[in-house]
Amino acid sequence: MISKLNFRKIIYLGILVLFTGLTGCKDMFKDPLVDKKTGDKVTLLLLDRSFINTKLSISLVDANTQLPIESESVSVSFSGADAANLITFGGYKQTTFHTGSGYIEVGYDPNADFGAQNPLELTIMASSQNYISAPQFLSYTTEGIKNLVIKMVPKTSLKSAKLGSYTEPYDISYNGHVQSTDLVYVADFSGFPTGTAWSYLNLYTTNSNGNLLCNNLKDNVLYADYGVYYFREANGVSLMPPSLPIKNSSFQKGDYVYSAILNSGMSKCDNGLTIHIERNDNSGGSGVFDYLMTFSDGSTKTGQISCTFPSDNLIEQIYYPSANPAVKVELLGDAQYDFSQAVNLTSPCGAKANFTATPKSNLKTFKMITRYSCPENSIGLGLTIIGEFRLKGSTDKWTPFKFVEGVCELQLVANADYDFRVNIDSEYYNYILPTNPDKVKTYLEDNSSPDFKFRNLSILSTDAGVTISTDVQFSNSICDIINNMK
């Protein structure tokens, strides 16, 4: 089996030139789900993530600043029966992942089937020394890249936190006292999704062991039910969605308690809403884009989609007011594209919101294509991965995009240098790429090494854009590693 070190070395060769993609030495990847020696179906994929059809692309941000949490290691844990099918970038199964980069990508075993009658269901929870999230239930019926932004609140706010917020439409008592000093308010979680019909309200922590009781609901017409979830960080014991919250239980010092409410008159879209995106000139491209759904009662649902053009993107886990299911859908632009106006729908269920992406003015199209080879054999292994870019030296927000089987197409400022990065196993790899066609050849030649070299470099520059095509030939030593993989 190829070692993790050698695996990352091969991947780095690809991302150095911004184009990543290989396809099978001696037909070894003709069927990537079958062991080439035994013929048995394999469970783990070591290299070709293009065949991992479902990936969770998770960004961890500070809820107050919206900035990535890059200053410490965050533990991202999954629970539920389907959590056993999660895999790392290198193909290793696990249910808890760690990242210090504010981003992590988790794959789902392609041999584990799921669909409308058997959805993929997980609950995700993130915590670290100084941050904590709310647990969120995830449910998917279709394959693809699933983008998640997990907002986390600082635990350090406890030092100056006021006595409980207690804005719930019901009473919460601890050890017999309403608004007890032993139940300390941490943060307002009313905008954090549960992934179910329930809504979070506030987060508290306990200053002592004791018993918590929820009662005296103020409005049983507006609200159908109420209660609390909890997370015990010391040993991982917890109550999380999709389980129902509880109204009465004993707690230990240091537990985190999430108050929740169930609004009346809510329905679920079992078949979701599709966001369709295509470019105004029918060209290609890719990106990660934010969407905003605003419902008739003023409630909202936000999230991200990762796509190439044209594409249909299914948004699931949608809950809406039954009395008036009307919704406004907006797609937000980035550094590459502007989008057409908001779409108003009479209902989100089974509907499609169509959007047109228009490249921003004063940008030029750059298309990169790579073919890989060995000195004696033709090889190839497709790698699809999300990357990010921004102008060199800029502190602007990173703009996400996708490598798709060794090809990427970007809208960039001509003759400018860009910082690029991709995240592999929770670690960022950074490099610089010039967009001046006259500098690209020198850049690639300067980044050659004994392990690889560039051949058949072609740079075609027209008014419409720049196409860069090249062969990357690996050394015999690298090709031997690939040949010897099991």
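**Notebook: cysteines and aromatic rings**

I looked up C349 to begin with and found it partly exposed at 26% relative accessibility (buried is under 20% relative accessible area, exposed over 50%, partly exposed in between, with a 1.4 Å probe and protein chains only). The model is predicted, so I kept to pLDDT of at least 70 for local features and 80 or more for side-chain atom pairs, while totals for chains, interfaces and linings use all residues. Residues are numbered from 1 along each chain as its sequence is written, and side-chain values use heavy atoms, with hydrogens and water left out.

I then searched for disulfides (a pair of cysteine sulfur atoms within 2.5 Å) and the count came to 1. C269 and C349 form this bond with their sulfur atoms 2.3 Å apart, and the torsion about S-S is about -75°, so the disulfide is left-handed. C269 is buried at 2%; C214, at 3%, is also buried.

Turning to aromatic pairs, I found 19 in the whole structure (rings of Phe, Tyr and Trp, the last by its six-membered ring, with centres within 6.5 Å; planes under 30 degrees apart are stacked, over 60 edge-to-face, the rest tilted). Y185 and Y204 pair edge-to-face, 6.2 Å centre to centre with 70° between the planes, and both tyrosines are buried. Ring pairs also link F189, F192, Y200, Y229 and Y258 into a cluster.

Last, I checked for charges over rings (NZ of Lys or CZ of Arg within 6 Å of the ring centre and within 35 degrees of the ring normal). K247 lies over the face of Y226 at 4.8 Å from the ring centre, and the charged end of R421 sits over Y428, 3.7 Å from the centre of its ring.
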